[in-house]
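User: I would like to go through this protein with you and hear, for each label, what value stands behind it and what cut-off it is set against.

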Amino acid sequence: MDYDLIVIGSGPGGYVAAIRASQLGLKTAIVEKESLGGICLNWGCIPTKALLKSAQVFEYLNHAADYGIKTNGGEVDFEAVVKRSRGVADGMSKGVQFLMKKNKIDVIIGYGSLKSKGTVSVKIADGTTKDFTAKNIILATGGRSRELPNLKQDGKKVIGYRQAMVLPKQPKSMVVVGSGAIGIEFAYFYNAIGTQVTVVEFLDNIVPLEDEEISKGLLRILKKQGINIMTGSTVESVDTNGEGCRVNVKTATGNQVLEADIVLSAIGISTNIEGIGLEENGVKTDKGKVLVDDFYQTNVEGVYAIGDIVKGQALAHVASAEGIICVEKIAGQNPEPLNYNNIPGCTYCMPEVASVGYTEKAAKEAGYEVKIGKFPFSASGKASAAGAKDGFVKVIFDAKYGEFLGAHMLGHNVTEMIAEVVTARKLETTGHEIIKSVHPHPTMSEAVMEAAADAYGEVIHL
């Protein structure tokens, strides 16, 4: 065998798996068809955060007077904003290249597929094909923007998230279809820099995976920011024959036609499982996902799959965790299976959204008797000083044993705060232990302690 392990795909699942494998002494190679780091690093998580930071800076400039600072305002240089974002992504990709060299991982550039058990076929850019052998193969091929039959993407007027990051000029108006994390982040970004934005969501709540109170709180804030939001609505068709787009939207009260320069389809992802040798080698799939066990082995011995193409949340940190667990199992260690109910989810609009564990509704449906605690950032000294009083922290405990069932946050910097709850839940921390853990003052994180205290009738600052 050429290698102990070959990983197909170098996103946050693939490259992390490769590094961990190298650390454990496995001779490792990674196959990538485009750029190291995959979609997340090059066209997802990282460059979008750079765009969002530019929008946040622009908002600060426009509200500088609120902080006692006189400015002449600001002007968005859209081309420069996009250029900065691409520069951040390129820098991170180079960082992954360095990590590959540091860990002595062979990088094979080309389109990889499973030829047979133990063999990966790689189509190189020059059209030639080369085979590589390995005792173990991990498929980490990720996902792409999902398309609906009535919302075909042409890459110019009807676009996916990838084109939304590198538009040649800022659109005057945009319709965003879908209000998950991707849709809401782009809606916030474009609205903040001056584009007229309408969000169309099929379900009754935006960010529909979040706790209902978070969804409603964010809805109020985004509407206040000037974003037009249509829930319980469906895009029936898009006419791109004119200069812009005519979007036919079905609502509860009848059809409406919206006009916009650009339509952004943000209705989720499709998995990249076509053309990678699954059917030819009898690898089982179901509804676009590769079927795996708790340690990510498929029904074919020595063939594994991780990330967006398997069960669980399609998130970068999930893929990384899966990759590590998978490789440690291959190396003969005894890792714990991943607890998918303790995965934090984050949406990086402003204010941010972060959550982990059960929503209130899900906890009650699971049969728990719950204690609910909330603490608004309007009562937080740090939030008041920062001029970031929107939002709140909501915590959910099992009334019987004090188990920390879940937390849901809406506010400034809450994506940095949620890890406290993830760790607490991993350590089986109770509500009373959170209350008795002294939090620094003044910080936003005090809201977690105060919300826990509220659940038990001990809150001080409300």
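User: How much accessible surface does the protein have, and what share of it belongs to carbon and sulfur atoms?

Analyst: The accessible surface comes to about 21700 Å², and carbon and sulfur atoms hold 51% of it; such areas come from the Shrake-Rupley method with a 1.4 Å probe, and for residues only the protein chains shown count as cover. Please note that this is a predicted model, in which local features need pLDDT of at least 70 and side-chain atom pairs count only at pLDDT 80 or more, while totals for chains, interfaces and linings use all residues. Residues are numbered from 1 along each chain as its sequence is written, and side-chain values use heavy atoms, with hydrogens and water left out.

User: What makes the protein as compact as a globular protein of its length?

Analyst: The secondary structure comes to 13 helices and 24 strands, where helices are DSSP runs of H or I with at least four residues and strands are runs of E with at least two, numbered from the N terminus. The radius of gyration, taken over C-alpha atoms, is 23 Å, and the globule rule (2.2 Å times the number of residues to the power 0.38) gives 23 Å for 462 residues, so the protein is as compact as a globular protein of that length.

User: How do you know that Cys40 and Cys45 form a disulfide?

Analyst: Their sulfur atoms are 2.1 Å apart, and a disulfide is defined as a pair of cysteine sulfur atoms within 2.5 Å, so the pair of Cys40 and Cys45 qualifies. A search of the whole structure finds one disulfide, and the angle of -130 degrees about its S-S bond makes the link of Cys40 and Cys45 left-handed.

User: Why is Cys40 called buried, and why is Cys45 called partly exposed?

Analyst: Buried means under 20% relative accessible area and exposed over 50%, with partly exposed in between (1.4 Å probe, protein chains only). Cys40 has 15% relative accessibility and therefore counts as buried, whereas Cys45, at 28%, counts as partly exposed.

User: Why is Ser54 called buried, and which residues does Ser54 touch?

Analyst: Ser54, which lies in helix 3 (residues 45–62), has a relative accessible area of 16% and is therefore buried. Leaving aside residues up to four places away in sequence, Ser54 touches Val81 and Arg84, a contact meaning heavy atoms within 4.5 Å.
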